[in-house]
Amino acid sequence: IGHKREITALQVNKEETLLFSGSCDNTIKIWDLANENNQFIAIKTLKFNNIWGPYELELVVKEKYLLAILPGDAKIWNLEYDEIINLESISPSKVLDNRKDLIYVSFGRNLLHYDLEKNEKKQILYESKDTIKMIEVSKDNKILTFLSDNYEINILNIENLENKAHI
């Protein structure tokens, strides 16, 4: 009925009618919370191939897509058409507040902007000589701060790609 291994991530939709659970058993289950019997009923199982379960599940683009962040990987499910979009080796990542744009690091060094709604890479924001370890986005989605493994902090204006500071 449920998962065969530990659950690593949960997400509920805005209407609180669906629960998404990710597990180390290589599945994400979609549960119907609005059934008349008040029972957890798994209505769909999404499968992926990763040793670990997702550490983050996020509904994006008007809840049409489910973004699953896995160690070193990401999967985006188009829930309407049951299609999977694979993003190349990514870590870390941030979904912007508009829920349509994803900022992520590919292969450790390239900082990329991905349009979730159009399913396309928009642009390379920054190419680093060092591995990028952490990224944060300002509340207005205009400033991106990232830390590399040589302990340098970069502050980048997302709109014009101007490197505002290098600390």
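Me: In the hairpin of S1 and S2, which residue takes a positive phi?
Reply: This is a predicted model, and in it S1 and S2 pair in the antiparallel sense over five bridges. The hairpin that they form has five residues between the strands. The residue of this hairpin that takes a positive phi, near 60°, is Glu16.

Me: How many of the residues of strand S2 are buried?
Reply: Strand S2 covers residues 18–23, and a residue counts as buried when its relative accessible area is under 20%. Judged in this way, the strand is mostly covered, and of its six residues the number that are buried is five.

Me: In the hairpin of S2 and S3, where does a positive phi occur?
Reply: S2 is joined to S3 by five bridges, and the two strands run antiparallel. Within this pairing, Gly22 has Ile28 in S3 as its bridge partner. The hairpin has three residues between the strands, and the positive phi, near 70°, is taken by Asn26.

Me: What is the bridge partner of Trp31 in S4?
Reply: Strand S3, made of residues 27–32, runs antiparallel to S4, and six bridges join the two. Among the residues with a partner across this pairing is Trp31, whose bridge partner in S4 is Ala42.

Me: Which strands are the edge strands of the open sheet of four strands?
Reply: The sheet is open, its pairing is antiparallel, and the order of its four strands is S1-S2-S3-S4. An edge strand of this sheet pairs on one side only, and this holds for the strand of residues 7–12 and for the strand of residues 41–47, which are S1 and S4. Neighbouring strands of the sheet are also turned against each other, direction ignored, by an average of 20°.

Me: In the hairpin that S7 and S8 form, which residue in the turn has a positive phi?
Reply: Strand S7 (residues 73–78) and strand S8 (residues 83–87) run antiparallel and are joined by five bridges. As part of this pairing, Ile76 has Ile85 in S8 as its bridge partner. Four residues lie between the two strands of the hairpin, and the one in the turn with a positive phi of about 55° is Asp82.

Me: Which strand gives the most to the lining of the largest pocket?
Reply: The largest pocket has a volume of about 170 Å³. It is lined by 12 residues, and those nearest its centre are Lys14, Leu59, Val60, Glu63 and Arg99. The elements that give two or more residues to this lining are S1 and strand S5 (56–60). The strand that gives the most, with three residues, is S5.

Me: How many charged residues does the lining of the largest pocket have?
Reply: The 12 residues of the lining can be sorted by class into nonpolar, polar and charged. Four are nonpolar and two are polar, while the number that are charged is six.

Me: How far apart in space are Ile132 and Tyr151, C-alpha to C-alpha?
Reply: Ile132 is found in strand S13, which is made of residues 132–137, and with a relative accessible area of 3% Ile132 is buried. Ile132 and Tyr151 are 19 residues apart in sequence, and from C-alpha to C-alpha their separation in space is 9.5 Å.

Me: What is the radius of gyration of the protein chain?
Reply: The protein chain has zero helices and 16 strands. For its 167 residues the globule rule gives 15 Å, and the computed value is close to this, so the chain is as compact as a globular protein of that length. Along its principal axes the C-alpha trace spans about 55 × 30 × 25 Å, and the radius of gyration is 17 Å.

How values were computed. Residues are numbered from 1 along each chain as its sequence is written. This is a predicted model: local features need pLDDT of at least 70, side-chain atom pairs count only at pLDDT 80 or more; totals for chains, interfaces and linings use all residues. Side-chain values use heavy atoms; hydrogens and water are left out. Two strands pair if DSSP finds at least two bridges between them. Axes are lines fitted to C-alpha atoms, for helices over the stretch in contact, and angles run from 0 to 180 degrees between N-to-C directions. On a 1 Å grid over the protein atoms alone, a cavity is a set of points where a 1.4 Å probe fits but cannot get out, and a pocket is an open set with protein on both sides within 12 Å along at least five of seven lines; lining residues have an atom within 4 Å of a point. Grid points are joined across faces, edges and corners, and a volume is the space filled by probe spheres set on the points. Ala, Val, Leu, Ile, Met, Phe, Trp, Tyr, Cys and Pro count as nonpolar, Asp, Glu, Lys and Arg as charged, and the others, Gly among them, as polar. Buried means under 20% relative accessible area, exposed over 50%, partly exposed in between (1.4 Å probe, protein chains only). The radius of gyration is taken over C-alpha atoms; the globule rule is 2.2 Å times the number of residues to the power 0.38.
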